[in-house]
Amino acid sequence: MTHAIRIEAVSKVYPLGNTEVKALKNINLVIEEGEFTTIAGPSGCGKSTMLNLIGCMDTPSTGEVYIDERPISKLSDKDLTRLRLEKLGFIFQSFNLIPVLTVYQNIEFPLLIHGGFSAAERTKIIDRLIAEVGLKDQARQKSNELSGGQRQRVAIARALVTSPRIVLADEPTANLDSNTGEKIINLMKEINITHKTTFIFSTHDPQVMKHAGRIIRLKDGEVVES
Amino acid sequence: MISLEMVKLIMQVAFRNLWLYRIKTIVIGTLLGFGSFLAVVGLSLLQDVQGSMRESIIGSIAGHLQIYSDKAKDDLALFGGGFMGRADIGELSDIVPYRDLVMQNSNVSAFVPMGMDMSILGRGNEMDDKLDALRAALKSGDSDLIKSRVEQMRFQLDQLKLEASEQRKLVADKTEIDKNEAQIAKAEAPGFLDSLSIHDESKLQFLETKIAPLSGEKTPIYLAYLGTDIELFTKNFPKFKVVEGESLPPGQRGILISHKVREDQLKVVVAKLFDRLHKRTGKGGVAIKGDAENERNAGDLGRQFSAIISSVNRQQATDLSQKLKDLGLDGGEKSDDLITHLTNQLKEFLSVDDQNFAQRYDWFYKNIAPLMKLYEISPGETIALRAYTRSGYIKSLPLKVYGVFSFAGFEDSDLSGQTNIIDLVSFRELYGKMTEASQQELTDMRSQVGVKQVDASNAEDALFGESSQTELETRSLEAKKDAPVSQPLSIKPSIPSNFSLDEITRGLALNAAVKLKDPSKIESTRKELEQTLKEKGFEVRVIDWKQASGIVGQFANIVTLVLLFAIGVIFLVALVIINNSIIIGTLNRIREIGTMRAIGAQKSFVVGLFLAETGITGLIGSLAGAGLATVLLLVLATVGIPAPNDVVAFLFSGPRLYPALRWGLIIGAPLIVTLIATISSIYAARHAAHVQPAEAMQEKE
């Protein structure tokens, strides 16, 4: 069985003025396929840096990150972008939908960028996902006409539309009330079970944390619990 | 790779962003629209002007091509090269071989020989004109006419006396004035003028030699003229039209005066000043008060009373004085002397202001102008032209004025009106080439006085060498014997008023206009002609009408440059604003761009999105601009653009320009504007594409 994500001796150093900030210090971590993992820790612990590295939006200063056993540190921007498109899905704290587009079009967006799907294929995939996240009646609505919870459902559908192996969620419930947040986490969990999609999300809400199958705690750039 | 859906997606997002930042969109769109508007209107009008200028220049004197000698020191400039004077453009010593070669070209329809030069117009003085009239009257023996002319002469004397007494007040040395007054007194004395009823040469000579010089010589006028074959010219230059009198009859010596030259240089000053003020206050809409030019002209007008006085005889003066009195102008303090009184009245009449000008102008042309000789030269008269020939001596030639002409469409233009037209034979003579008649005359004179023509290069040998058969001493004695010095030569130096028509089909010209059958092939024909003439050993320059017209032809090019520069500046401003707004706009849209990048959009997608935004703005803005331009051009095409001044009238080739709609330009200009705007925003778009995907994660604080 291949590892979904393997992090080997990864450090990340950011320049800050004349000094350097060590955001991550010699991290070694493996996340298996199908895990439902949360990365937890206080602000400035390296959570974001970790998600950026896993999300192929940044490369490590030393060490290597393997996505599906593929090392990312040597990849070009173009290849990283392609990797994100094909292997990863993203859910953001502020949903980050494109306001002018309808629910349907927002979900379709990655498929269009990906290319190679016929209109019929796209409709099939999107309709199934819309049903799955419970937005059948809102499919033709503009995304900025939806509530926060509904928006995050759209974001989840968008993250899943290219059938990625891994979905990264950055504080997915932070902008939602606890009831809605709960429902979102449950939805993610459901998908995790039915699709075997690996979920990695960051949070500092203990209520959310308890849904996780595994908690990776970071402190000062180091893993203190995994 | 790029699917239709993707394009749709980009467009949808682009439109949303344009709407979201609509102020910025409107600013950029308006700028590009303005640029496109300016490009369509400007370039369209420019092409119209070029077209009409082309028509003016080709149809007046230039033709399509001009041929002149390669030995020319100056460039041929038919409408002036920017400085006055006689340009040295060399000469074509005999037009026959040139014409034969040029006419062989299948695209050539006509070859019109020409030459431009200028001469001094002999003008004499006011008194001379009156004396001529008096002489004519005496010759006719018509006693009433003589009486009137004598009266006129007396009137002139009165004025000279008045002038002399005025001068006395100003001049320190009175001896000259004493002498002048004595001469006038002699002429006025009983038994001189009053008894002049038959031709009395001694009296006339006294008046001509002693009195006439007192009224002073008029300043000389330089008349520029074009010598040509009038038949060919009329046929090939459709803009040419005779507006008064008749055209030059073929085979006759003579001159046609340009309407503009006549108005500007040969019209009596008082009328000219009235005209200028009328034009500037009426059509120009400039008030007299407060305008330097108008005030100067009005001031000058006030001093023109003497010109009117000297044109009228006593009866006319009395009538005019009465009419002015009826008009309410009684010249202030009453004077018993008619001339003094009329002078005061005229002074009053000629002091014009904004209130009375229009009325005075009409009154002048109704009551005063008919009494005056308005133009110095009119059809039917004969003028004397005096030229410095190329060889340096002065040649004088009388020429009959047949008519007045102008070039249709630019009658009033300064640029086109400087040239009068004379026959080619007279032109050659003033230029310094002998006509066949003059040459014959010279041969006859030579044979009669026994002069032998000797070439300068072997003069010494011919006259004094061994082989010389002439004995100078003997010859001169013989000559004396044959033709006594006391007797005048039996050959009268006369200039025939006509010439044989084939004299202008050969011989000298300075340049030649070439008209083409197909004007679109102007450049290829120009090269062909140049080639043909060079091959046969003729050293000539063949230039197109644009070059031949001198500074005027360059005008369109200059205007084009200025216009393109203006459009360029607008563009530059628009492009800087576009780039800036994209870069600043990127800051507002970092998260959006980051999100797109995070979920898999390549940099090229982001670049495409920004280019689409500029492209859409540009297209809508510039199409709107071009649309407005089209509406404006449509309106102008019906009402026409009035030419505000003479120079513009020349460019317009008429008083109004009716622009044509050029669809290529109306559609092409906005597309090019859009394309340039889009391409130039690539830099800023790439800048936007550099937003890191991780920015999607950043939360607004």
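In the predicted model, B:Ser3 lies in the segment that precedes helix α1 (4–20) of chain B. The residue counts as partly exposed, because 14 C-beta neighbours are found inside 10 Å. When neighbours within four places in sequence are set aside, the contacts of B:Ser3 are with A:Leu112 and A:Gly115.

Chain B contains 27 helices and 12 strands. Of its 701 residues, 37% are buried. Among contacts in chain B between residues at least 6 apart in sequence, those joining residues at least 24 apart account for 79%.

Two helices of chain B, α2 (residues 22–62) and α26 (residues 663–680), pack with their axes 9 Å apart and at an angle of about 140 degrees. The two helices are therefore oblique to each other, and α2(B) passes α26(B) in a right-handed crossing. On the side of α2(B), the residues that meet α26(B) are B:Leu32, B:Gly35, B:Ser36, B:Ala39, B:Val40, B:Leu43 and B:Ser44. Their counterparts in α26(B) are B:Leu665, B:Ile666, B:Ala669, B:Pro670, B:Val673 and B:Ala677. An α-helix has 3.6 residues a turn, so residues three or four places apart point the same way.

Helix α24 of chain B comprises 37 residues (603–639).

In chain A, an open sheet of 4 strands is arranged in the order β2-β1-β4-β5, with antiparallel pairing. Strands β2 (19–32) and β5 (70–71) of chain A form the edges of this sheet, each pairing on one side only. Within the sheet, strand β1 (residues 3–16) and strand β4 (residues 62–67) of chain A are joined by 5 bridges in the antiparallel sense. A:Ser11 has A:Thr62 in β4(A) as its bridge partner. Helix α1 (residues 47–54) of chain A lies across β1, β2 and β4 of chain A, and runs at about 125 degrees to β1(A).

Another open sheet of chain A has 6 strands in the order β6-β7-β8-β3-β9-β10, and its pairing is mixed. The edge positions are taken by β6 (88–91) and β10 (222–225) of chain A; each has a single partner strand, so one side of each is left without a neighbour in the sheet. From one strand to the next, the twist averages 25 degrees.

Strand β9 (residues 214–219) of chain A is joined to β10(A) by 3 bridges, and the two run antiparallel. Strand β3 (residues 36–40) of chain A pairs with β9(A) in the parallel sense, over 4 bridges. A:Arg217 of β9(A) is involved in both pairings: A:Ala40 stands opposite A:Arg217, and A:Glu225 in β10(A) is the bridge partner of A:Arg217. The hairpin of β9(A) and β10(A) has 2 residues between the strands, and A:Asp220 in this hairpin takes a positive phi near 50 degrees. In a regular strand the side chains alternate between the two faces of the sheet.

Helix α5 of chain A (residues 148–160) includes A:Gln150. The buried residues are A:Arg151, A:Gln152, A:Arg153, A:Val154, A:Ala155, A:Ile156, A:Ala157, A:Arg158, A:Ala159 and A:Leu160. The elements of chain A that cover them include β6, α3 (103–114), α4 (119–132), β7 (166–170) and α6 (178–195).

A:Gln150 itself is partly exposed, because 19 other C-beta atoms lie within 10 Å and a buried residue requires 20 or more. Apart from neighbours within four places in sequence, A:Gln150 is in contact with A:Leu135 and A:Gln138. A:Leu135 and A:Gln150 are 15 residues apart in sequence, with a C-alpha to C-alpha distance of 7.4 Å.

Methods. Residues are numbered from 1 along each chain as its sequence is written. Chains are lettered from A and ligands numbered from 1 in the order in which they are written. This is a predicted model: local features need pLDDT of at least 70, side-chain atom pairs count only at pLDDT 80 or more; totals for chains, interfaces and linings use all residues. A residue is buried if 20 or more other C-beta atoms lie within 10 Å of its own, exposed if 12 or fewer, and partly exposed in between; C-beta atoms are placed from the backbone. Two residues are in contact if their C-beta atoms, placed from the backbone, lie within 7 Å. Two strands pair if DSSP finds at least two bridges between them. Axes are lines fitted to C-alpha atoms, for helices over the stretch in contact, and angles run from 0 to 180 degrees between N-to-C directions. The expected span of a helix is 1.5 Å times one less than its number of residues. Angles under 35 degrees count as roughly parallel, over 145 as roughly antiparallel, 65 to 115 as roughly perpendicular and the rest as oblique. A crossing is left-handed if the near helix is turned anticlockwise from the far one by less than a right angle, and right-handed if clockwise.
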